[in-house]
Amino acid sequence: MAPTAELNEEVFTNAKPYSQVPGPKPIPILGNTWRMVPVIGQFDISEFAKVTKMFMEKYGRIVRLGGLIGRPDLLFVYDADEIERMYRREGPTPFRPAMPCLVKYKSEVRKDFFGELPGVVGVHGEQWRRFGSKVRRPILQPQTVKKYVTPIELVTLDFIKYMEDARDEHGDLPAEFDNDIHRIGRVALDVRLGCLSSRLSSASDPQRIIDAAKYALRNVAVLELKAPYWRYFPTPLWTKYVNNMNFFVELCSKYINEALERLKTKKVTSENDLSLLERVLKSEGDPKIATIMALDLILVGIDTISMAVCSILYQASLRLKQQDKMAEEIKRVFPDPDKPITYADLDKLHYTKAFVREVFRMYSTVIGNGRTLQEDDVICGYHIPKGVQVVFPTIVTGNMEQFVSDPEEFKPERWLESDGRLHSFASLPYGFGARICLGRRFADLEIQVLLAKVSYAI
Ligand code: HEM
């Protein structure tokens, strides 16, 4: 079907029934959840990327994982044309079925705090649209992002120093290298959290933030697929999750109140003098909107950017030819390493950006994206009922011969010259459409500044 094709009655009549979609068969009572249980289960939840690939190899381009306790079926779609069609046809309030535990936390456990405008992450429909309309413009405006070039450059220099100090006698970085979130804190909370300052004790604020952020995101899959019993009674894992989230809310409120105090005495002549947080505080006049925005940004921004940076640096370290090419470009665009980086110059790093894009394609640190169907659809010839959660596994589709020429070859040039196949919906690291990643400009900025600075350090 063409991406914009109408779904008429004939298409539905000719479609095969949902029950015929291939996939692992649920067993009575235990459904398919048992497959995620340690020892007896076949699927290791921490290896979900491999499971996703295995599904495609075993069952084909559409796979149904049904019989999951307390949740709708998952439908994996490995067809970039179908993914494009679904993204392009989605309405004004796309439904991304992420983090039901966060939904419960925001809408039930802490409804007192989140109320009617609980943010964008784990929020859907009209509430999502209304909150987004308040924060999307200030977050995405190039003027806002530009303001962070220098602060991020300064933090990056400290980060490079941290990396240099952390290396062992072979020059290798420690296994806990991703233990760093300060740059996101810089954007979302308007302060440096001090995560790089020295060896952190486990009780220090920055270390607790790092632990809480990792915990919140990394336990979502476990709470969701492996141990979903919190839906029926408060399990120990659930209680820990709630306490962890409460800590986050407390922390964000503390920093937002401090920012509010600073704003009272700050001299402001134009909007350009304001940070992201200050812009939202000023335009909305409600500190809660700013607190919830910061909470959302930290919650989904920390692990994603940390993992992406680790993956990009690791791939650069393995690929000396491409590393040299990047360094050559960076030194041409920034001939004087002591001169502050500008946003306009970063835009000239074409090869460097293509390198990052290629890392995202081959080694995406995000397994995929997804949407809950808000109406019946026909996908890969099957009639799929409303409510099913469709998964777009970008980590698999970005590596499929059908959509990308020579997918096993690491070739940044493919993003610069149009030779060969490169389906634009096969690899979408930041998602697509109205719900696309809100932090993507900050993520790109942090990655580019880091690569520019690292090139001079090595
Ligand atoms: C390389 C790093 C990152 C990757 C790969 C990534 C990827 C994604 C993806 C795939 C989505 C879902 C998009 C969709 O549904 O179409 C998303 C949503 C989101 N991301 Fe990111 N992200 C990254 C970094 C960040 C950062 C640094 C922040 C915050 C500063 C952030 C904030 C958000 C928010 C708030 C949403 C929810 C948007 C909404 O539902 O309206 N992300 N991200």
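User: In this predicted model, what is the handedness of the crossing of helix 8 and helix 19?

Analyst: This is a predicted model, and the two helices in question span residues 149-166 and 440-457. Their axes come within 9 Å of each other. The crossing of helix 8 and helix 19 is right-handed.

User: Is helix 8 parallel or oblique to helix 19?

Analyst: The axes cross at roughly 45 degrees. Angles under 35 degrees would count as roughly parallel, and 65 to 115 as roughly perpendicular. That makes helix 8, relative to helix 19, oblique.

User: How many residues in the contact of helix 8 with helix 19 are nonpolar?

Analyst: Helix 8 puts in Val149, Ile152, Glu153, Thr156, Leu157 and Ile160. From helix 19 come Leu445, Glu446, Val449, Leu450, Lys453, Val454 and Ala457. Sorted by class, one is polar, three are charged, and the nonpolar ones number nine.

User: Why is helix 3 largely enclosed by the rest of the structure?

Analyst: Helix 3 covers residues 80-89, and its buried residues are Ala80, Glu82, Ile83, Glu84, Arg85, Met86 and Tyr87. They pack against strands 2, 3, 4 and 6, plus helix 18. Helix 3 is largely enclosed because, of its ten residues, the number buried is seven.

User: Which helix supplies the largest share of the shell around the ligand?

Analyst: There are 27 residues surrounding the ligand, with Gly301, Ala308, Gly431, Cys437 and Gly439 the closest. The largest share is seven residues, and it comes from helix 14.

Note on methods:
Residues numbered from 1 in each chain as written. Predicted model: local features only at pLDDT ≥ 70, side-chain atom pairs only at ≥ 80, totals over all residues. Axes fitted to C-alpha atoms, helices over the stretch in contact; angles between N-to-C directions. Helix = DSSP H or I, 4+ residues; strand = E, 2+ residues; numbered from the N terminus. Parallel < 35°, antiparallel > 145°, perpendicular 65-115°, else oblique. Left-handed = near helix turned anticlockwise from the far one by under 90°. Contact = placed C-beta atoms within 7 Å. Nonpolar A, V, L, I, M, F, W, Y, C, P; charged D, E, K, R; others polar. Buried ≥ 20, exposed ≤ 12 C-beta atoms within 10 Å, placed from the backbone. Near = placed C-beta within 6 Å.
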